Amino acid sequence: QVQLVESGGGLVQAGGSLRLSCAASGRTVSTYARAWFRQAPGKERELVAGIMSARITYYADFVKGRFTISRDNAKNMVYLQMNSLKPEDTAVYYCSVGSRIAARKEGYDYWGQGTEVTVSS
């Protein structure tokens, strides 16, 4: 079993930045895909970014150029640096672990409890 705990969410003004962190415990996940999803009220959970390695990453079009995903396998951590935040980025952000980077949430085996991000205009 893998336990995931997110942190770093909060309230920020439009144009600001936040850095989300996700700690994994229970087993090493260095060979697994790590991903960030988000879910806004009344909307489906959607993939934001995924990472297998420093050279294998994925970003949704709506965050390209603004968000950066990274991982530290020695610490079992994954991060999401979010810059130039917009009100439409407001959502609960979840980290996940799966065997590969998949677009749909069904492709992931483990999930954190989420951290809330609110961007004010």
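## A polar contact at Thr-28

The side chains of Thr-28 and Ser-30 are joined by a polar contact of 3.5 Å, a term that stands for a pair of N or O atoms within 3.5 Å, where, within protein, one must be able to donate a hydrogen and the other to accept it, and where residues adjacent in sequence count only if both atoms are side-chain atoms. Thr-28 is placed in the loop between S3 and S4; such strands (E, at least two residues) and helices (H or I, at least four residues) are DSSP runs, numbered from the N terminus. Between Thr-28 and Lys-75 there are 9.0 Å in space, C-alpha to C-alpha, although the two are 47 residues apart in sequence.

This is a predicted model, in which local features need pLDDT of at least 70 and side-chain atom pairs count only at pLDDT 80 or more, while totals for chains, interfaces and linings use all residues. Residues are numbered from 1 along each chain as its sequence is written, and side-chain values use heavy atoms, with hydrogens and water left out.

## The disulfide

A disulfide is a covalent bond between the sulfur atoms of two cysteines. Here a disulfide is counted when a pair of cysteine sulfur atoms lies within 2.5 Å, and the count by this rule comes to one. Cys-22 is joined to Cys-95, with a distance of 1.9 Å from S to S. Because Cys-22 lies in strand S3 (residues 18–25) and Cys-95 in strand S9 (residues 91–98), the pair ties together parts that are 73 residues apart in sequence. Both Cys-22 and Cys-95 are buried, where buried means under 20% relative accessible area, exposed means over 50%, and partly exposed means in between (1.4 Å probe, protein chains only).

## Aromatic rings and charges

Rings of Phe, Tyr and Trp (its six-membered ring) pair if their centres lie within 6.5 Å, and planes under 30 degrees apart count as stacked, over 60 as edge-to-face and the rest as tilted. By this rule the count comes to three aromatic pairs. One of them is the edge-to-face pair of Phe-37 and Trp-111, with 5.0 Å from centre to centre and 65° between the planes. This pair links distant parts of the chain, since Phe-37 belongs to strand S4 (residues 33–39) and Trp-111 to strand S10 (residues 110–111), 74 residues apart. Phe-37 is buried, with a relative accessible area of 0%, whereas Trp-111, at 25% relative accessibility, counts as partly exposed. Trp-111 also forms an edge-to-face pair with Tyr-108, at 6.0 Å centre to centre and 65° between the planes. Tyr-108 counts as buried at 5% relative accessibility, and Phe-37, Tyr-108 and Trp-111 form one aromatic cluster.

A charge sits over a ring if NZ of Lys or CZ of Arg is within 6 Å of the ring centre and within 35 degrees of the ring normal. The charged end of Arg-19 sits over the ring of Tyr-79, 4.0 Å from its centre, and Arg-45 lies over the face of Tyr-94, 3.7 Å from the ring centre.

In strand S1 (residues 3–7), Leu-4 and Glu-6 make up a covered face, while Gln-3, Val-5 and Ser-7 make up an uncovered one. S1 and S3 run antiparallel and are joined by five bridges, two strands being paired if DSSP finds at least two bridges between them. Val-5 stands opposite Ala-23 in S3.

Ala-60 lies in the loop between strand S6 (56–59) and strand S7 (67–72), and at 4% relative accessibility Ala-60 counts as buried. Leaving aside neighbours within four places in sequence, Ala-60 is in contact (heavy atoms within 4.5 Å) with Leu-47 and Val-48.
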